[in-house]
Amino acid sequence: MGGWSARHRWAAVTGWLLFVVLAAWLGGVAGSVRIDDSEQMPGQVARAHRILADAGIERPSGESVVVQSPSLTAADPAFRSAVADVVRTVRATGLVSGVRSPYDGGAVSADRRTALVAFTMTDARGKGTDAEVATVLDAVAGVQARHRGLVVEEFGDASAHRWFQDQFSHDFKRAEWTAVPLALGILLVAFGALVAAVLPVVLALTAFVAAGGLVALSSHLLHTSDDASSVMLLVGLAVGVDYCLFYLRREREERAAGHDPATALRIAAATSGRAVLVSGLTVVVAMAGMFLTGIADFRAMAAGTIVVVVTAVLGSLTVLPALLSLLGDRVERGRVPLLGRLRRAGTAEGGRFWNAVLTPVLRRPLAAALLSTGVLLALAAPLLTLHTANLTFEQQIPRGNALVTTYQRIQAAFPGDPAPATVVVKAADIDSPRMRRAVADFRRAAVATGRMHEPIRVETHSAQDVAVISVPLAGSGNDAASDEALRTLREEVVPHTLGAVPGTEAPVTGETAGSHDFNRQMSDSLLPVLGFVTAFAFLLMLLFFRSLTVAATAVALNLLSVAAAYGVLALVFQHGVGASLLGTAGVGAVESWVPLFLFVILFGLSMDYHVFVVSRIKEARDRGMDTRSAVSYGIRSTAGVVTSAAVIMVAVFSVFGTLSVQSMKQMGVGLAVAVLVDATVIRGVLLPSVMSLLGERNWYLPRWLRRLPELSHGGPVPPAPASAPLPYLVGGEDDPRRERTAAEV
């Protein structure tokens, strides 16, 4: 691929540009299809949404205006006046329906100091556009201004959805505008030349644009989501820049060693290009494991990530060698003198740093292996206490937010009311006397448990023989009390009342039910996903390196880095240790989808460095070095590029760690920590110490496996010209920075 692109430079560049433009245009014309509610969750939740969808029932967004006073009660004239003003004002907008006064619906708190005015939006789907929701919010703010002695605030599905949509859009733009310049700045320091720095970023962005169009097209078969778009940017930018960086650095290195441009490109294609291909395949295989979860959002994220990674690999293996062939040594154009000096100083310091680390590691590999493993196990220890949950609205967004404050007011006055359970009843005849008695029995039995309470609301759709029952649960929504209330509702109340009527089904949905069903689905799919990803990653490493030992150590080291990331997540976001440094607080749980998502992403991304480093080690051994010298050469010669690539990935992922939504923050921090650990402790200490201890056993391949197809380098790498210095190639332990020419070697 590299050879063809170098020979047909303009065809490769023009073809890539046409591909990007055509993919983006087709995606824009086709539009994207998003996951709907019936696909979003598994279990009873999915069944409940399917019943509503089949019946053509759009559940309107329920909104509530809380009226609260520290001194007045609901019976006081001033309090009644504020409630009447709310009812009158929201009706006057013409954008709401079903306005219910708390005095008619019984929505007054036990202490009589809080009341709720309930209503729904009246657009075609009952959700309300952003502009309509904003109009109603402004109207409620006007009531607050007229009644300053009381609290008058709005909260509900529509207002919360509007906040999330606005915040996701704002955060996504901020991530784009922060991550791209950050990556460019790091590359500029790494290369000291503008052209070389811009090239990987441009290729990564064009790959992301093309992948976005392809995902929009494919979403008509496999629906996509907002989470998938965020993950595509996150992973696409990181791997796209890394792949180009690996390729470009190797080509520059071979040119510096004295090879002509064509030979340097051929070596880069045969070594770094092949490593990029295997790394990309590993990420694709890891992401494919997410299809085994059976969760629509995971399928969307997997599909989006696979498309962007394949596109980035394709660009790195085709248009990048074509551009390098076109530019030649002009890729070093745009040198910034100060940055050039900083880069040379950084390279020297980096060389001295990694030499200082590697020399004692190779001298005492057993001690280094034990110490680094101990550090990783200590980081992973909090994993034993890891608790996952679908975070509530209150947990997802920053403390002090106005919507959170309102949510907390409602939760305190009406426990369970902001996030009630919803029972969707599908009957043969919803209006039959027996069904009416069952609904009445259900209401009495639910309240009698002490785990559910009024107001229980029943909404009947006679034409579709469907009823929707809203039941406030005890607890906060995802704590033990709420889980027990949900269990009681599903296993005791529903079966003995609604479920006792022949031909009736009554699945339970809602936030608590969604969290419960999601966690169960995640638990059930955990082992299949882990088994699939580790088995196929092991197979790829076996085919590429043709070594049973290298494949096994690659999997083991990756599992260690993932475990360390999990431990840090639990420590920071669950227990709150150091959370204030990230502008957040411990919320008592990690978002349900984050651990499994991190596993598949990290298992793929960690292989980038592993393949790149071990490829150089194997290359040196194939030249005739013993394993110990090959390990020393491989680690030292790749230290600079691995450090640059890791800094870029950590920087990009850290940007997501600064976003407002808790799940995005957890994802960004988890990825950043894992990559940092992987590029330092794993690749700099544990990998060389383990390979040194194993010695020639690193390359063990049983005779019966030697018939496996080869993915390793197709031929020997041409030696450098005799006058070219080969740093670290033959340096002894006493002088590891020693250089010798090829002729001396």
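In what order do the 4 strands of the open sheet stand, and in which sense do they pair?

Analyst: In this predicted model, the strands of the open sheet follow the order β2-β3-β1-β4, and their pairing is antiparallel. Two of them form the edges, namely β2 (96-100) and β4, each of which pairs on one side only. From one strand to the next, the twist averages 25°.

Helix α17 (residues 402-413) lies across β1, β3 (114-121) and β4, and runs at about 95° to β4.

A further packing arrangement involves two helices. Helix α23 (residues 627-656) packs with helix α24 (residues 662-694) at an angle of about 175°, and their axes are 10 Å apart. Angles over 145 degrees count as roughly antiparallel, and α23 and α24 are therefore roughly antiparallel to each other. The residues of their contact comprise 18 nonpolar, 4 polar and 2 charged.

Salt bridges provide other links; a search of the whole structure finds 23 of them. One of these joins Arg-47 to Glu-505, with the closest N and O atoms 2.8 Å apart. Arg-47 lies in helix α4 (residues 43-54) and Glu-505 in the loop between α19 (480-496) and β9 (508-509), so this pair ties together parts that are 458 residues apart in sequence. Arg-47 counts as partly exposed at 34% relative accessibility, and Glu-505 counts as partly exposed at 31%.

Arg-252 forms a salt bridge with Asp-329, where the closest N and O atoms are 3.1 Å apart. This pair links helix α10 (residues 226-256), which holds Arg-252, with the loop between α13 (319-327) and α14 (337-363), which holds Asp-329, across 77 residues. Arg-252 counts as buried at 12% relative accessibility, whereas Asp-329, at 43%, counts as partly exposed. Arg-252 also forms a salt bridge with Glu-332, with the closest N and O atoms 3.5 Å apart. Glu-332 counts as partly exposed at 21% relative accessibility. Through salt bridges that share partners, Glu-251, Arg-252, Arg-255, Asp-329 and Glu-332 are joined into one network.

Conventions
Residues are numbered from 1 along each chain as its sequence is written. This is a predicted model: local features need pLDDT of at least 70, side-chain atom pairs count only at pLDDT 80 or more; totals for chains, interfaces and linings use all residues. Side-chain values use heavy atoms; hydrogens and water are left out. Axes are lines fitted to C-alpha atoms, for helices over the stretch in contact, and angles run from 0 to 180 degrees between N-to-C directions. Angles under 35 degrees count as roughly parallel, over 145 as roughly antiparallel, 65 to 115 as roughly perpendicular and the rest as oblique. Ala, Val, Leu, Ile, Met, Phe, Trp, Tyr, Cys and Pro count as nonpolar, Asp, Glu, Lys and Arg as charged, and the others, Gly among them, as polar. Two strands pair if DSSP finds at least two bridges between them. Contact means heavy atoms within 4.5 Å. A salt bridge is a side-chain nitrogen of Lys or Arg within 4 Å of a carboxyl oxygen of Asp or Glu. Buried means under 20% relative accessible area, exposed over 50%, partly exposed in between (1.4 Å probe, protein chains only).
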